[in-house]
Amino acid sequence: QVQLVESGGGAVQAGGSLRLSCAASGSIFGITVMGWYRQPPGNQRELVATITREGSTNYADSVKGRFTISRDNAKNTVCLQMNSLQPEDTAEYYCNVRREVFSFRQEYWGQGTQVTVSS
């Protein structure tokens, strides 16, 4: 099992910044992709950004140029720097980790952290 602990959510005004952090612990061997997803009120969970162990990143079009994902493989952490936040970024943000050991794939989710952006 992998345990994920998120931090850094909060409330900001439009144009502000927040930094989300997620620390993985437990069975961390074999972690491949780490990322962030979000679920706006009344909507389905959606991809925000992912990063591979090698550092390759993928972003949702809506956050490109504003959000930056990074990870520290030694510390098993993934961060999301969010700049120029807009009200439409308001959502519950979830850390996501994928693990693969001997072709057996698992996926883990954090408990979520709320981000609220006011206009």
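Strands in these legends are DSSP runs of at least two residues marked E, numbered from the N terminus.

**Figure 1. The whole chain of the predicted model.** The chain has 11 strands and 0 helices. Read from the N terminus, its elements run β-β-β-β-β-β-β-β-β-β-β. Along the principal axes, the C-alpha trace spans about 50 × 25 × 20 Å. The radius of gyration is 14 Å, which agrees with the value near 14 Å for a compact globule of 119 residues. Of the 119 residues, 44% are buried. Among contacts between residues at least 6 apart in sequence, 54% join residues at least 24 apart.

**Figure 2. Surface and charge of the chain.** The accessible surface comes to about 6,200 Å². Carbon and sulfur atoms account for 48% of that surface. There are 11 positive and 10 negative side chains in the chain. The centres of these two sets lie 5 Å apart. Side chains of opposite charge can pair when their charged atoms come close. The count of salt bridges here is 5.

**Figure 3. The salt-bridge network that includes arginine 38.** Arg38, Glu46, Arg66 and Asp89 are linked in a network of salt bridges. Arginine 38 pairs with glutamate 46, and their closest N and O atoms are 2.8 Å apart. Arginine 38 also forms a salt bridge with aspartate 89, at 3.0 Å from N to O.

Figure 4. Arginine 38 and aspartate 89 are both buried. Arginine 38 has a relative accessible area of 4% and counts as buried because the cut-off is under 20%. Glutamate 46, at 31%, is partly exposed. That value falls between the limits of 20% and 50%, so glutamate 46 is neither buried nor exposed by this rule.

**Figure 5. The salt bridge between lysine 64 and aspartate 61.** The closest N and O atoms of this pair are 3.1 Å apart. Aspartate 61 has a relative accessibility of 63% and counts as exposed.

**Figure 6. Glycine 30 and the residues it touches.** Glycine 30 sits in the loop between strand S3 (18–26) and strand S4 (31–39). Its relative accessibility is 21%, so glycine 30 counts as partly exposed. Leaving out residues up to four places away in sequence, glycine 30 touches Arg98, Arg99, Glu100 and Val101. Arginine 53 is 23 residues from glycine 30 in sequence, and the two C-alpha atoms are 9.9 Å apart.

**Figure 7. Glutamine 81 in strand S8.** Glutamine 81 is partly exposed, with 22% relative accessible area. Neighbours within four places in sequence aside, glutamine 81 is in contact with Ser17, Leu18 and Arg19, and also with Arg66, Phe67 and Thr68. Cysteine 22 is 59 residues from glutamine 81 in sequence, with 12 Å from C-alpha to C-alpha.

Figure 8. Most residues other than glycine have a negative phi. Phenylalanine 102, which is not a glycine, has a positive phi near 50 degrees. Phenylalanine 102 is in the loop between S9 and strand S10 (104–109). With a relative accessibility of 80%, phenylalanine 102 counts as exposed. Serine 103 lies in the loop between S9 and S10. Its phi is also positive, at about 70 degrees, although serine 103 is not a glycine. Serine 103 is exposed, with 63% relative accessible area.

How values were computed:
Residues numbered from 1 in each chain as written. Heavy atoms only, no water. Helix = DSSP H or I, 4+ residues; strand = E, 2+ residues; numbered from the N terminus. Buried < 20%, exposed > 50% of the residue type's maximum accessible area, 1.4 Å probe, protein only. Contact = heavy atoms within 4.5 Å. Rg over C-alpha atoms; globule rule 2.2 N^0.38 Å. Areas by Shrake-Rupley, 256 points an atom, 1.4 Å probe, with all protein chains shown as cover. Lys, Arg positive; Asp, Glu negative; His and termini not counted. Charge placed at Lys NZ, Arg CZ, Asp CG, Glu CD. Salt bridge = Lys/Arg side-chain N within 4 Å of Asp/Glu carboxyl O.
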